[in-house]
Amino acid sequence: MMKVFICPDCGWMRVVSRRKQVECFKCGQWQMTLSKIDFVKYTEMSEQERKDYADGWLYIHNRKSNRIHINRS
Ligand SMILES: [Zn+2]
């Protein structure tokens, strides 16, 4: 069973099978988070869709800590 993990720090996504501990090769975060996207859906997504998903995911998961600031024009 393939699972899609996402890095809580940089949003990099990775497909992993049968592993509990998944490290991010982009930023060194030692434990990535299991995303809610299933593997089939992930393979059908374009690069842009994956980026959009990662951006949205990071926004949702970081908004409590106030690390993301939104500029309103
Ligand atoms: Zn990362």
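This is a predicted model: local features need pLDDT of at least 70, side-chain atom pairs count only at pLDDT 80 or more; totals for chains, interfaces and linings use all residues.

A: Let's start with a facing pair: Val-4 stands opposite Val-15 in β2. Residues are numbered from 1 along each chain as its sequence is written.

Those pairs belong to strand β1 (residues 2-6) and β2, which run antiparallel and are joined by 5 bridges. Two strands count as paired if DSSP finds at least two bridges between them. A strand is a DSSP run of E with at least two residues, a helix is a run of H or I with at least four, and both are numbered from the N terminus. β1 and β2 make a hairpin with 6 residues between them, and Gly-11 in the turn has a positive phi of about 85°.

The open sheet has 3 strands in the order β2-β1-β3, with antiparallel pairing. β2 (13-17) and β3 (33-38) are at the edges with a single partner strand each, so one side of each has no neighbour in the sheet. From one strand to the next, the twist averages 45°; the axes are lines fitted to C-alpha atoms, and angles run from 0 to 180 degrees between N-to-C directions.

Back to Ile-6: leaving out residues up to four places away in sequence, Ile-6 touches Gly-11, Met-13, Met-32, Thr-33, Ser-35, Ala-54 and Trp-57. Touching here means that the C-beta atoms, placed from the backbone, lie within 7 Å.

Ile-6 also belongs to the largest nonpolar core, whose 7 residues are Val-4, Phe-5, Ile-6, Cys-7, Met-13, Cys-24 and Met-32. The largest share of this core, 3 residues, comes from β1. Such a core is a set of buried Ala, Val, Leu, Ile, Met, Phe, Trp, Tyr and Cys residues joined through C-beta atoms within 7 Å. Buried means 20 or more other C-beta atoms within 10 Å of a residue's own, exposed means 12 or fewer, and partly exposed is in between.

For a contrast, look at Arg-18, in the loop between β2 and β3. Arg-18 counts as exposed because it has 7 C-beta neighbours inside 10 Å. Its phi is near 55°, a positive value in a residue other than glycine. Most residues other than glycine have a negative phi.

Technical notes. Two residues are in contact if their C-beta atoms, placed from the backbone, lie within 7 Å.
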